Amino acid sequence: MDSSSAAVAQQNLLRHQSLLWLIAAQGAVILPLLLRLPLWLWLLWLGALVWRLRIHAGKFNYPSSISKLLLSGLCLGALIFSYRGALGVQAMVAFLVFAFVLKLLELRTRKDALVLLFIGFIAVAAQFLFVQSLWATLYAIASCLVLICAWQTLYLSRPLSLPAQFKGSSALLVQAIPLMVVMFVIIPRIGPLWRTPLFQGAAQTGFSDSLAPGDIGNLVRAKGTAFRVNFNGGQTPPVSGMYWRGLVLDSFDGRAWRLNSQWQRPRAIKPEQTSAADILHYEMMVEPHHYQWLFALAEPVKISSMSFPAGITQDGLIATRQPLSARLQYSVASMAASSLQWPELSAQQHRQLTSLPQGYNPQTLALAASWRQETSSPLALIAKALAWYQQSFYYTLQPALLGKHSVDDFLFTTKRGFCEHFASSFAVLMRAAGVPARVVVGYQGGTYNALEDYWLVTQADAHAWVEVWLNGRGWQRVDPTSAVAPQRVEQGINNALTATERELIAAGQLTAPAWLNSLRQRLDATNYLWSRWVLSYNADKQKQLLQRLLGGGDPWRIGLAFICLMSLLLALYTLLVIRPKWQRGTPLQRAVNKFARTCQRWDMHRKPNESIARFAMRLAVKQPELAASCQSLAEISERTLYAADGHSEADLISALRRFPKPAQ
């Protein structure tokens, strides 16, 4: 290898600063991914990081081909074991991460670093497979900023300060924003990749398709948003009427209620003539919970979702064809149950909705039988049960454990429970008395955010209640919890619990100052706007926007608009960025040009491509009195040319500015 080839090879090797930036960029990019992937990937990254640093210090050698093959095989085996052989999006992200990490061990030259950086940009996009909030977007932008900083260091001839590094990278990102906006608005929209279902073993939030004592109590302790509701300035029901139905459970095994999908329930019939006042219109924005059910007020008669197939079931519920793995926005029109006509229950349906398992809760069955002997009126039975709850029952988040006869233990021994205890026991009492009943789980109430006019419903608003069948009236909602703790329904869960129990939900933030609560509302409102106007920008919304702006969404219209907008952006970039740089030049160029104009007053003109040192020495010959200044300027110029830092350049600029000027 000749000397020139060796110099080029040496120049392509990674310097210490570049390696540190590459490691920092990789860590920033994969951190959100590692939080959702198997633990062994953390260990793999830490091991690769230590190995690479030891290589740089000359303590370890680069891994051999056999070592890399064995390490890759072990990672693939761990990947298959972690996901039980399932090929899903999460498994593919894990594969991307371990390949990204192992690439760190191969870093030798600038070419290897570029490959690592390109994989890093792909990993940034993979972050949105799990979270698409505004804060996740800001973090992704910060990740791109660190990647660009690492990219810059590969081509710098001398190190830059940290502020200068971030300044240059930020300028590149800011200049890319207009292009990003144009492409986001104009380029045809396709289904986002994050709609793809994740690994089936992923954590799920919200309630499942069964309800046992303690389930809702555990759920309300969980933090997080369930959904947001916007009534678009129209009619808004009172908080006490906000019962967000999610799932109907109609099969009881003695302890838990479950969904029975073996038979069809009677569906409400919409009246032929309905006034607009009877219809409630609102928009739902549901967070991903990895189940198939959605939420709505009873009784939904119409749903429209532009990005996810959903429909209304026989129970008057809203469901999707596949588990909800991403935030979903949909519009609902609901009608009051009193405005609907219900067909009568068949004999089979009546038996199913009054059936109870044998050998469970004998005291409850005996009590219901005695009530039925006193009266056969369903309304009277409901009133008697609610009155009994009001006498000696207590609403608490920490009820006692229940045995095999869970309803008996609750009604006759502990008498302390949460909403699922009251709903389950009330439904059993009604069925035992011959009244068809079922349990409904969902959410009740919400917190109003006046900043953006929407209601926030969290996991703490999870609730369970009962629907009973009344001949001639159909399904009617009965909430036994309201008989024991009416403030739960009217004012929210915090007003129905003790201070100790509220701390279990608030996790120590019960007495948060007013400014912090206000900040939380503002942050949530910002995230809501982001979800509503950016994440929900799909093909249908794009079509509507292009119709307003361009008169249609034809390909030629889109292509012409794209060309025009790109031409405008290029023109603005040339006018505002490139041209001023040509005119202004760098600080050193401006100092040299000013020095050359000064020397013209001595009738000295700098030749094209003439160095400052040679020009200064010619000036010293013509003006002997300037010999010392010219000699100093020439030395500083030569030192700047061959120095490895930016300090000498500043000295040269200062020397050019201090150079003596001719007398007037």
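Leu138 lies in helix α7. The model is predicted. At 44% relative accessibility, Leu138 counts as partly exposed, because that class runs between the 20% cut-off for buried and the 50% cut-off for exposed.

Together with Trp135, Ile141, Trp515, Leu519 and Leu523, Leu138 forms a nonpolar patch. The accessible area of these residues together is about 600 Å². Two helices contribute: α7 (134–153) and α18 (514–535) each supply at least two residues of the patch.

Now turn to helix α5. This helix covers residues 89–102, which makes 14 residues. At 1.5 Å a residue, α5 should span 20 Å. The C-alpha atoms at its ends are 20 Å apart, so expectation and model agree.

How many of the 14 residues of α5 are buried? The count is 10, so α5 is largely enclosed by the rest of the structure. The buried set includes the valines Val89, Val93, Val97 and Val101. Phe98, Phe100 and Leu102 are buried too, as are Ala91, Ala94 and Gln90. What do these buried residues pack against? Their partners are four helices: α2 (16–34), α3 (40–56), α4 (65–82) and α6 (110–126).

A last stop is His421, in helix α14 (residues 419–432). Is His421 buried or exposed? Its relative accessible area is 6%, so His421 is buried, given that the cut-off for buried is under 20%. Leaving aside residues up to four places away in sequence, His421 touches Pro213, Gly214, Pro399, Leu402 and Phe410.

Note on methods
Residues are numbered from 1 along each chain as its sequence is written. This is a predicted model: local features need pLDDT of at least 70, side-chain atom pairs count only at pLDDT 80 or more; totals for chains, interfaces and linings use all residues. Side-chain values use heavy atoms; hydrogens and water are left out. The expected span of a helix is 1.5 Å times one less than its number of residues. Buried means under 20% relative accessible area, exposed over 50%, partly exposed in between (1.4 Å probe, protein chains only). Contact means heavy atoms within 4.5 Å. Patches are made of residues with over 30% relative accessible area and no salt bridge: like charges are joined within 9 Å, nonpolar side chains (Val, Leu, Ile, Met, Phe, Trp, Tyr) within 5 Å. Accessible areas come from the Shrake-Rupley method with a 1.4 Å probe; for residues, only the protein chains shown count as cover. A salt bridge is a side-chain nitrogen of Lys or Arg within 4 Å of a carboxyl oxygen of Asp or Glu.
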